[in-house]
Amino acid sequence: MSKSDRAAQHTWIEALQQPGCALCRLAERSSQRYIATLLDEAVMDVAHRDTWRAARGLCPWHATVALQTPQSASSVALLYADVLRHDLMQLAVLTVPVPSRWGWRSRRTLRQRLQAWLRTWSQAPPCPVCVLWQAQEGRYVQALLDAWPEPTLVHALTVSTGLCWAHTCHLVEHGQQHPHLQAVLAVQQAHLQRLRGELAAFIRKQDYRFAREAYGPEADAWRRVVALYGAPVGVPR
Ligand SMILES: [Zn+2]
Ligand SMILES: [Zn+2]
């Protein structure tokens with residue numbers, strides 16, 4: 001096993017020991033790291049600034065992470081001032097008065113300009129941090145599938161709370177051709193079956209006849225099922 005495979009496996013085991021989806025946890029941790037580095041580099045690096053400008057800054061989730069990053073205010077202000085300056089220039093094109101004597105032609109050219117402007121928003125490249133994380137996520141998924149059925153990893157996934165649906169989809173997407181995909185999915189299936197049972201036990205205890213019974217692991221099943229379907233806000237889907 002290579003050094004990087006060992007490191008990826010260790011990262012997986014560590015993330016699986018925390019509550020919730022391990023890939024959501026890794027996405028949070030990696031994004032915080034990427035943003036801290038990007039905020040430092042992007043201010044100085046022209047190529048980075050071009051990327052930010054084209055993407056219109058960060059996606060809502062990563063923008064929130066950037067705002068929470070210590071000492072980020074000055075870098076965030078500089079980067080977004082650049083993005084705003086560029087976007088204001090583009091907006092200015094739309095407000096240039098068109099001579100009324102042009103009649104229908106002026107209406108057509110204005111409509112074309114409006115549509116071209118809308119396209120710059122709808123076809124903007126993705127958030128640069130999302131791009132970095134998606135590449136990293138692919139490497140993590142590959143490492144999990146390649147290492148399977150390494151006993152410590154199997155154990156860690158089995159005793160964890162499993163992956164959310166969004167990351168189960170990413171696992172299937174990345175691992176379609178992988179010989180270990182089905183075995184990993186079977187563990188995920190067992191997690192979902194257990195959650196289904198806990199949810200049923202929770203619902204049963206909502207009935208006044210059983211309301212006096214103490215809660216077991218099903219106490220937070222209703223929260224876990226929501227997390228399963230709705231990964232934390234912004235986790236790339
Ligand atoms: Zn997840
Ligand atoms: Zn993002």
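Predicted model: local features only at pLDDT ≥ 70, side-chain atom pairs only at ≥ 80, totals over all residues.

Trainee: Let's start with helix packing. Why are α1 and α8 called roughly parallel?

Mentor: Helix α1 (residues 3-16) and helix α8 (residues 151-159) pack at about 25 degrees, with axes 9 Å apart. Angles under 35 degrees count as roughly parallel, so α1 and α8 get that name. The crossing of α1 past α8 is left-handed.

Trainee: Which residues make that contact?

Mentor: From α1 you have Gln9, Trp12, Ile13 and Leu16, and from α8 Thr152, Leu153, Ala156 and Leu157. Sorted by class, that contact of α1 with α8 has 6 nonpolar, 2 polar and no charged residues.

Trainee: And what makes α2 and α3 roughly perpendicular?

Mentor: Their angle is about 110 degrees, and the axes of α2 and α3 are 6 Å apart. The perpendicular class runs from 65 to 115 degrees, so α2 and α3 belong in it. In this pair, Leu38, Glu41 and Ala42 of α2 meet His48, Arg49 and Trp52 of α3. By class, the contact of α2 with α3 holds 3 nonpolar, 1 polar and 2 charged residues.

Trainee: What makes Arg56 partly exposed?

Mentor: Arg56 has 17 other C-beta atoms within 10 Å. Buried needs 20 or more and exposed needs 12 or fewer, so Arg56 comes out as partly exposed. Arg56 also has a positive phi, about 60 degrees, without being a glycine. You'll find Arg56 in the loop between α3 (46-55) and α4 (60-68).

Trainee: How do you know where Leu84 and Glu198 fall on that scale?

Mentor: Leu84, in helix α5, has 13 other C-beta atoms within 10 Å, so Leu84 is partly exposed. Glu198, in helix α10, has 19 C-beta neighbours inside 10 Å and therefore counts as partly exposed as well. Buried would take 20 or more.

Trainee: What does Glu198 touch beyond its sequence neighbours?

Mentor: Leaving aside residues within four places in sequence, Glu198 is in contact with Pro217, Glu218 and Ala221. Glu198 and Glu218 are 20 residues apart in sequence and 4.6 Å apart in space, C-alpha to C-alpha. For Leu84 and Val225, the figures are 141 residues in sequence and 40 Å in space, again C-alpha to C-alpha.

Trainee: Which residues touch the most other members of the largest nonpolar core?

Mentor: Trp12, Ala22, Leu23, Leu26, Val129, Tyr140 and Leu163, out of 31 residues in that core. At least two residues each come from α1, α2 (22-44), α7 and α9 (165-175). The biggest giver is α2, with 8 residues. Nonpolar side chains tend to be buried together in soluble globular proteins.

Trainee: Which residues of α9 are buried, and what covers them?

Mentor: The buried ones in α9 are Ala166, His167, Thr168, His170, Leu171 and Gly175. What covers them includes α2, α7 and α10 (181-205).

Trainee: Last one: how do you know that the bond joining Trp148 and Pro149 is cis?

Mentor: Look at omega: for the peptide bond joining Trp148 and Pro149 the angle is about 0 degrees, and the bond is cis. Pro149 is found in the loop between α7 (128-147) and α8.

Definitions and conventions: Residues numbered from 1 in each chain as written. Chains lettered and ligands numbered in written order. Axes fitted to C-alpha atoms, helices over the stretch in contact; angles between N-to-C directions. Helix = DSSP H or I, 4+ residues; strand = E, 2+ residues; numbered from the N terminus. Parallel < 35°, antiparallel > 145°, perpendicular 65-115°, else oblique. Left-handed = near helix turned anticlockwise from the far one by under 90°. Contact = placed C-beta atoms within 7 Å. Nonpolar A, V, L, I, M, F, W, Y, C, P; charged D, E, K, R; others polar. Core = buried A, V, L, I, M, F, W, Y, C linked by C-beta atoms within 7 Å.
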